Amino acid sequence: MTFQKHPIYSFIKKIFVVFIIYQITRLLFYFFNWNLLEKVTLNEIIGGIRFDLATIGYINILFALLYLFPSKKIKNKNYLKTVNFCFYLVNLIFVATNFIDFEYYKFTNRRSTYSLISATGMENEIFGLLTSFVIDYWYVPLSFVTIAILFWFALPKTKNIELYKSSYANLTVMLLALLTLFLMGRGLDKKPLRIVDANLYSKTNNTALVLNTPFSILKTLSNKEKLENYAFYPEVNLNQIFNPVQTFTSTKTNKKNVVILILESFGDENLNIGQTPFLDSLATESLRFKNAFANGRVSIDAVPSIISSIPSLMNNSLIASSFSVNKIKALPEVLKENGYSTSFFHGAFNGSQNFDQYCKIAGFEKYYGKNEYVGPESFDGKWGVFDEDFLQFFANEIATFGLHPKVWTD
């Protein structure tokens, strides 16, 4: 028996056709939104391929079992026709969500998530909105029908197949296919691919081009993010209590360097007991607030809260949510507008808690993690560089930054 007659050959060709369909839909997404996107880079193309492979891997693991499980049933013509049609239909449904974002992206500036499918808050209007969408943007469903037809005729049909004589060989082929799809679904990396990882390949404005809508939906299925709209005070009363909008008339400013220190699990009770002599000395010469509310419960909440003024509002962190690639105006961008350059120092592994990706969204120009650390061997064996050595690296690095004003944060 030749390799071409084994069902794995037909299955690989099917996966390849689906992959090509995803590339076509990405080109169409760019065509419909080119005026909102920046120039495409090679890195964004590579990132897009990675996210497409992850989506295809997630969706088609079950079909690998249906096509490749060593059983006499897979030679049955009716069985094969049914599986072929289901493969086409399931993949087409996920591909269809990309077409919705061809126009919907213009209103949201991000890929749609599970909330689009669940239509939370729009249960009564959804069918009317869909009808309006089809009429107003008739060229989108027309494009979808065209792609659906091409997809059907391009998809190889599994028929007249033969299995290897050895059941162990057939089982090995199936297990390798499942393992390959599983690794694709994880993003071909040690850590599962997340929505926020699109920032590794692109500027914030182009993350939607790197992502695909099926991936965003799959990644938010278990995290049904719902933000409640709380209103505890009328705005008039709030402004009487505290108005954060301040107007300054002086045009002359003293742009000193700014350093923000973020400490893990550190409270007021840790000061003035001999553990932090430098901070203790700073407290005597600074405006110090002893009473405050926590703006997060875990470490991953800290950076959005402090840098972007976005406290923890959901059960999962902003960095790990579908809102992670939303455009924000954070402290680094404000400082940059005032002539500062910005860098973020964090001694853990690059990618730890996705701080590096979020710092890019927030507008930091440079990120220094364990990969950038230069100094004596100081790895703690599990988390990152010991604070003492990393802070020495921090001090040495900022000494090379040159002219003022600058801003550094750790």
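## A definition to start with

A salt bridge is a pairing in which a side-chain nitrogen of Lys or Arg lies within 4 Å of a carboxyl oxygen of Asp or Glu. Glu365 and Lys336 make such a pair, with their closest N and O atoms 3.8 Å apart. Keep this definition in mind, as we will come back to it below.

## About the model

What you see above is a predicted model, in which local features need pLDDT of at least 70 and side-chain atom pairs count only at pLDDT 80 or more, while totals for chains, interfaces and linings use all residues. Residues are numbered from 1 along each chain as its sequence is written, and side-chain values use heavy atoms, with hydrogens and water left out.

## The overall picture

The protein has 15 helices and four strands. Both are DSSP runs numbered from the N terminus: helices are H or I runs of at least four residues, and strands are E runs of at least two. Of the 410 residues, 40% count as buried. Buried means under 20% relative accessible area, exposed means over 50%, and partly exposed is in between, using a 1.4 Å probe and protein chains only.

The accessible surface comes to about 24700 Å², and 61% of this belongs to carbon and sulfur atoms. Such areas come from the Shrake-Rupley method with a 1.4 Å probe, and for residues, only the protein chains shown count as cover. Now look at contacts, meaning heavy atoms within 4.5 Å. Among contacts with a separation of 6 or more, 74% are between residues 24 or more positions apart.

In soluble globular proteins, nonpolar side chains tend to be buried together. A nonpolar core is a set of buried Ala, Val, Leu, Ile, Met, Phe, Trp, Tyr and Cys residues joined through side-chain atoms within 4.5 Å. The largest one here has 44 residues, and those touching the most other members are Phe11, Phe29, Ile56, Tyr67, Leu68, Phe87 and Phe151. The elements giving two or more residues to this core are helix 1 (7-33), helix 2 (42-68), helix 3 (77-108), helix 6 (139-154), helix 7 (167-186) and helix 8 (207-210). There is also a second, separate core of 18 residues, which includes Ile319, Ala330, Phe355 and Phe364.

Setting aside neighbours within four places in sequence, Phe151 is in contact with Val17, Val18, Ile21, Tyr88, Asn91 and Leu92. Another one to find is Asn60, in helix 2. Asn60 counts as buried, at 0% relative accessibility. Beyond its neighbours within four places in sequence, Asn60 is in contact with Phe11, Ile15, Phe87, Asn91 and Leu181.

## Salt bridges

The structure holds six salt bridges. One of them joins Arg26 and Asp52, with the closest N and O atoms 2.4 Å apart. Arg26 lies in helix 1 and Asp52 in helix 2, so this pair ties together parts that are 26 residues apart in sequence. Both partners are buried: Arg26 has a relative accessible area of 11%, and Asp52 has 0%.

Glu103 and Lys106 form another salt bridge, at 3.4 Å from N to O. These two are three residues apart in helix 3, so about one helical turn separates them. Glu103 is buried at 5% relative accessibility, whereas Lys106 is partly exposed at 32%. And the pair from our opening? Glu365 is partly exposed, with a relative accessible area of 40%, and Lys336 is partly exposed too, at 49%.

## A nonpolar patch on the surface

Phe85, Leu89, Ile93, Val145, Ile149, Trp152 and Phe153 form a nonpolar patch on the surface, with about 700 Å² of accessible area together. Patches are made of residues with over 30% relative accessible area and no salt bridge; like charges are joined within 9 Å, and nonpolar side chains (Val, Leu, Ile, Met, Phe, Trp, Tyr) within 5 Å. Helix 6 gives the largest share of this patch, four residues. Ile93, which is found in helix 3, is exposed, with a relative accessible area of 52%.

## A histidine in a loop

His346 sits in the loop between strand 2 (342-345) and helix 14, and is buried at 16% relative accessibility. Leaving aside neighbours within four places in sequence, His346 is in contact with residues including Ser352, Phe355, Tyr367 and Phe390.
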